[in-house]
Amino acid sequence: MRTDVITKRLEVTPDVRSFIEEKSGKLSCHLAHFPEDLLRLKVSLERNPHKEEYTAHLNLSMPQTVLKCSENAADLFTATKFAFEGLIRRAEKLKSRGRQDKKKLAHFKRQ
């Protein structure tokens, strides 16, 4: 999976980059049925200039669909963690919906 990190009003430290790589590794485990070269994750991290708050926006481009998740928190790592958890939930939902569609299709073929 190709991962692009974009920041606004903050610097990406090696700790942040390794945290994103760790979380994207967990995400890619849930997307093993997709070809690795067709997945693209865009991570946008932003610090609010008026108050101590961080926003993490995640966009996962896959064949035929795009999954998005955005979270705000007082800590950059917390916002990123919650955004990845939301994206993993959406990926699992998409995966289970695909399984249900296959079951329905198999049921109709038998009839």
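Me: What makes two rings an aromatic pair?
Reply: Rings of Phe, Tyr and Trp pair if their centres lie within 6.5 Å. This predicted model holds one aromatic pair.

Me: Which residues form the pair, and how do you know that they pair?
Reply: They are phenylalanine 19 and phenylalanine 77. Their centres are 5.2 Å apart, and the cut-off is within 6.5 Å. Therefore they count as a pair.

Me: Why is this pair called edge-to-face?
Reply: Planes over 60 degrees apart count as edge-to-face. The planes of phenylalanine 19 and phenylalanine 77 stand at 85°. So the pair is edge-to-face.

Me: What does the pair tie together?
Reply: Phenylalanine 19 lies in helix α1 and phenylalanine 77 in helix α2, so the pair links parts that are 58 residues apart in sequence.

Me: Why does phenylalanine 19 count as buried?
Reply: Buried means under 20% relative accessible area. Phenylalanine 19 has 16% relative accessibility, so it counts as buried.

Me: Is phenylalanine 77 buried or partly exposed?
Reply: Partly exposed. Phenylalanine 77 has 32% relative accessibility. Buried means under 20% and exposed over 50%, so this value falls in between.

Me: How do you know that β1 and β2 pair, and in which sense?
Reply: Pairing needs at least two bridges. β1 and β2 have seven, so they pair, in the parallel sense. In one of these bridges, isoleucine 6 has serine 44 in β2 as its partner.

Me: What joins β2 to β3?
Reply: Eight bridges join them, and the two strands run antiparallel. Leucine 41 stands opposite leucine 60 in β3.

Me: Why is the pairing in the sheet called mixed?
Reply: β1 and β2 are parallel, while β2 and β3 are antiparallel, so the pairing is mixed. The open sheet has four strands in the order β1-β2-β3-β4.

Me: What makes β1 and β4 the edge strands?
Reply: Each pairs on one side only. β1 covers residues 2-8 and β4 covers 65-73.

Me: Where does helix α1 lie?
Reply: Helix α1, residues 14-30, lies across β1, β2 and β3. Helix α1 runs at about 140° to β2. Together, β1, α1 and β2 make a left-handed β-α-β unit.

Me: Which residues touch the most other members of the largest nonpolar core?
Reply: Leu27, Leu31, Leu41, Leu60, Met62 and Leu87 do, in a core of 26 residues. Helix α2 gives the most to this core, with eight residues.

Me: What is leucine 87 in contact with?
Reply: Leaving aside neighbours within four places in sequence, its contacts include Leu27, Leu41 and Leu60. Lys68 and Cys69 are also among them.

Note on methods
Residues numbered from 1 in each chain as written. Predicted model: local features only at pLDDT ≥ 70, side-chain atom pairs only at ≥ 80, totals over all residues. Heavy atoms only, no water. Contact = heavy atoms within 4.5 Å. Axes fitted to C-alpha atoms, helices over the stretch in contact; angles between N-to-C directions. Core = buried A, V, L, I, M, F, W, Y, C linked by side-chain atoms within 4.5 Å. Buried < 20%, exposed > 50% of the residue type's maximum accessible area, 1.4 Å probe, protein only. Right-handed = clockwise from strand over helix to strand, strands pointing away. Phe/Tyr/Trp six-rings, centres within 6.5 Å; stacked < 30°, edge-to-face > 60°.
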